[in-house]
Amino acid sequence: MLRLYATVAAGGFRRHATYRVATAAGVFTNTVFGFVLSYTYIALWDERPQLGGYSIDDALAYVWIGQALITVCGMMGGGFEDELIERIRTGDIAVDLYRPADLQAWWFSAHAGRSAYQLLGRGVVPMAVGALAFHFTLPSGPGGWIAFLVAVALGSTVGFAIWYLVAMSAFWLLDGQGVVQVAWLGGLFFSGMLLPLNVFPGALGEVARMLPWASLLQVPADVYLGKYVGWELAGAYAFQGCWALVLFGAGRAAQAAATRKVVVQGG
Amino acid sequence: MRAVPFIELESLEKVFTVRVRGNAGLFRREKREVRAVDGISFAVERGEMVGYIGPNGAGKSTTIKMLTGILTPSGGRLRVAGIDPARERTRLAQRIGVVFGQRTTLWWDLPLKDSYRLMHRMYRIPDARFRENLDRCVELLELGELLDVPVRQLSLGQRMRGDIAAALLHDPEVLYLDEPTIGLDVVSKARVREFLRDLNTSRGTTVLLTTHDLTDIEQLCSRVMVIDHGRLMYDGELSGLHAVGESERLLMVDLERELPPITDVPGSRFVRSEGPRQWLAFPATTSAAPLVAAVAAKYPLLDLSVREPDIEAVIAKMYGGTREERRESLR
Amino acid sequence: MAEATRVGADSAAVHEVDSAGIQEMDPDAIHEMDSGAIHRKNERRPYGPLADSWRTYRLVAGMWIRSTMTYRASFALTLVTSFCVTFFDFVVILLMFGQVKGLGGFGFAEVALLYGTAGTSFGIADLTMGSLQRMGKRVRDGSLDTFLMRPAPLLAQVAADKFALRRFGRVAQGLLVLVWALLLLDVEWTPLKVLLLPVTVASGTVIFASVMVLGASTLFWMQDAAEVTNSFTYGGNTLLQYPPTIFAQELVRGVVYVVPLAFVSWLPALYVLGRPAPAGVPEWAAFVSPLVAAVCCGVAGLAWRAGIRSYRSTGS
């Protein structure tokens, strides 16, 4: 069974690796946005150095981490939910449900492969360009990079779990666009994609830092910047892990309910 | 007044340049020419019903795309109703109807009649004429109860009938049909064919039909054109195609027990056997009845069936291909 | 208006031929009279190419609106969330100004004016032409052919494809911020400044829409490159929401002289605010936005025609 999912993951990697033009276009767009955001952050931190506990170098690193992780952690869409919703809408999903493989595990494997490709294909180049154009903070040594990658993997898992749950809603709401939009809002704003969550004031900031979307960018970025020391790092991972478990569970429950619904209706 | 052919092609050509990733390196690409349509000439008179057949990739859809003005020919001359399709695509669009079997032009989430309303306005069909045409289609294609049903709830056969009606509301003089019966059940197929026959005889609409189903051609078209590798290989009656292609039908017999190959029945050729089941081939131009009688007289027969040759097989037989390939395609 | 101008380029050629009197030479004319298809003789369109495109656009968009309305609950939700998504986009600026008094020497009201003008223009362009970026799929799966078989301008059909009324949320948000900025601003209004504002929003819309058509034109060759357009549309919109003073001067010069996005809002808004134009740009540049928009239209129209021509010769 594990071999099957490994094959699916490898397929997900290869499938996206064939879209060279799309990857190049994505890298270009991420880089352009990286530049625009960098200048606004420079202006902001010029006025308020040490805003949110970040130095200007930290803030710039944050910008480019965000651009690198957009598709990896699914801040602006998981990249698979449209296809899944379409399958639900057209009823093709019934075929998937009768497959011996588990639906959620199947899509998660494909997502894992895709994310791995996106990290290499769309993450590395914008980071490198950003590092050349601006001087920003780099992790201290290989340990820092490894800790960062673990946080990214967890963030990517939470991202998948969120979008899977969103897609499942299409079983009940025939046109899933409304829910997609809400999730999009969450991903864009509460992930810290537009502004780091630690710059958010008072209660808004506290709430934002507790929501699952914080796992996507804020936590990985803070791990990268070395803001967690010792047991704090374990705590950060635990925060991501808990959300991953909760959302995976919710996705499974929705899937089970949907399966019953499909079986009752006969597809 | 001399009759000018309604559709006229003279040495029509379409050459595509495709870039293939060569072995030379990651970014080096080799250019290669593909002659999708390689000098085709034919004429179709007004009111004809013609089958246009050929294997996948033979150039059928490229021809249709040039006839509708979507693609610009690379060479040759082309006229449909006196119009050069490539130059006057939108004007020609008023006079042609197109149905793709595998792609619907109807609006998925809306009632069927809404799609027709769009056609009404987009093609600027006068109100009276629109109503008249719609009523006729509704009656003949039995769409009455479906008009208020969202298209997504229609069955494949219902949707195909809906699509055909949509293509006819503006009184096209020629109708292009691409696989109109694909995926339909027997009843729906029969209904679609009957409608097309009626359209052709009573309205005089010219019909050009591409299909993989030889029965479509047999029941509808007096004339068939075969295209392969971008060239016109045959243009004439269907029976003539069988003669040229020496096509064979297959008789499958189930015997009571496993027996040695049946080779002693005249007019037939043993193809293969699987346990008590055997396959015999015989010319498509002869009747199966005497053959069946001869087999039944000599062998303990349980069941039998006859398979018509499909187009791929006929074409494979007509033009090259080893004997082995022919046998494969007959299976 | 914006789309119509460019659509015109598409159907102009056809229209010319239409009125060239080819019908008189039509050998089928007599037969047609016989078969009763007389209405075709009246097919000479009384409509110009612009009116034709606008009519097509309305027809197709109308169908999409009806389709959306079959899922009413979902539509209401998308409209609200679309507004919220863009609202939160502005919240970021509010949050920034919660921490600082000015950005690059610009106060809140001034930044809000930049945001409002660019946001409204972008919102209208996105509402009307935003679907163009999804055309790549139509090219890839061949459904574009269906559009080409209809007697209607292609650009209008593609632009109205999947028309989503929910994108009006962005227009509403842009207008709201713009009104807010105007209430807060302490500017000495002259008739010229008052006139300049609506002209700016209109020109900005046309410039953004042109960029979208230009981007869509490239999809005829490269169906996967849709995202590049985003960096100029969404990216451009984000850029224009902030004062030019915070960006590197090369970047500013780039959006003045290369991709003329600065004319969408920066240059006219700076004049309204009584601030000098950036990067050594002359002051009268604030008034040439309509001209720039017209040029953009022309370029986009040419690119679109080249795109169709290429598609019709390669069929890819």
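How many helices and how many strands does the secondary structure of chain A come to? Please take chain A closely, then follow with its contact to chain C and the open sheet of chain B.

A: This is a predicted model. The secondary structure of chain A comes to 11 helices and 0 strands. Read from the N terminus, the order of elements is α-α-α-α-α-α-α-α-α-α-α.

Now the overall dimensions. Along the principal axes, the C-alpha atoms of chain A fill a box of roughly 60 × 40 × 35 Å. The radius of gyration of chain A is 19 Å; a compact globule of 267 residues would have a value near 18 Å, so the two agree.

Next, the interior. Of the 267 residues in chain A, 49% are buried. Here buried means that 20 or more other C-beta atoms lie within 10 Å of the residue's own. Contacts in chain A can also be sorted by sequence separation. Among those with a separation of 6 or more, 80% link residues 24 or more positions apart.

Chain A also has a neighbour. In that pairing, 35 residues of chain A are in contact with 34 residues of chain C. On the chain C side, α4 (72–99) and α11 (226–240) each supply at least two residues. The most comes from α4(C), with 13 residues. By class, this side of chain C has 20 nonpolar residues, 12 polar ones and 2 charged ones.

Then chain B. Here 4 strands form an open sheet, with antiparallel pairing, in the order β11-β12-β10-β13. Its edges are β11 (269–274) and β13 (301–307) of chain B, and each of these pairs on one side only. On average, neighbouring strands of the sheet are turned by 20° against each other, with direction ignored.

β11(B) and β12 (residues 277–283) of chain B run antiparallel and are joined by 5 bridges. In this pair, B:E274 stands opposite B:R277 of β12(B).

Helix α9 (residues 289–298) of chain B packs on it. This helix touches β10 (248–255), β12 and β13 of chain B. The direction of α9 makes about 160° with that of β13(B).

To return to the opening request: chain A has 11 helices and 0 strands, whereas chain B contributes an open sheet of 4 strands.

Terms used
Residues numbered from 1 in each chain as written. Chains lettered and ligands numbered in written order. Predicted model: local features only at pLDDT ≥ 70, side-chain atom pairs only at ≥ 80, totals over all residues. Pairing = 2+ DSSP bridges. Axes fitted to C-alpha atoms, helices over the stretch in contact; angles between N-to-C directions. Contact = placed C-beta atoms within 7 Å. Rg over C-alpha atoms; globule rule 2.2 N^0.38 Å. Buried ≥ 20, exposed ≤ 12 C-beta atoms within 10 Å, placed from the backbone. Nonpolar A, V, L, I, M, F, W, Y, C, P; charged D, E, K, R; others polar.
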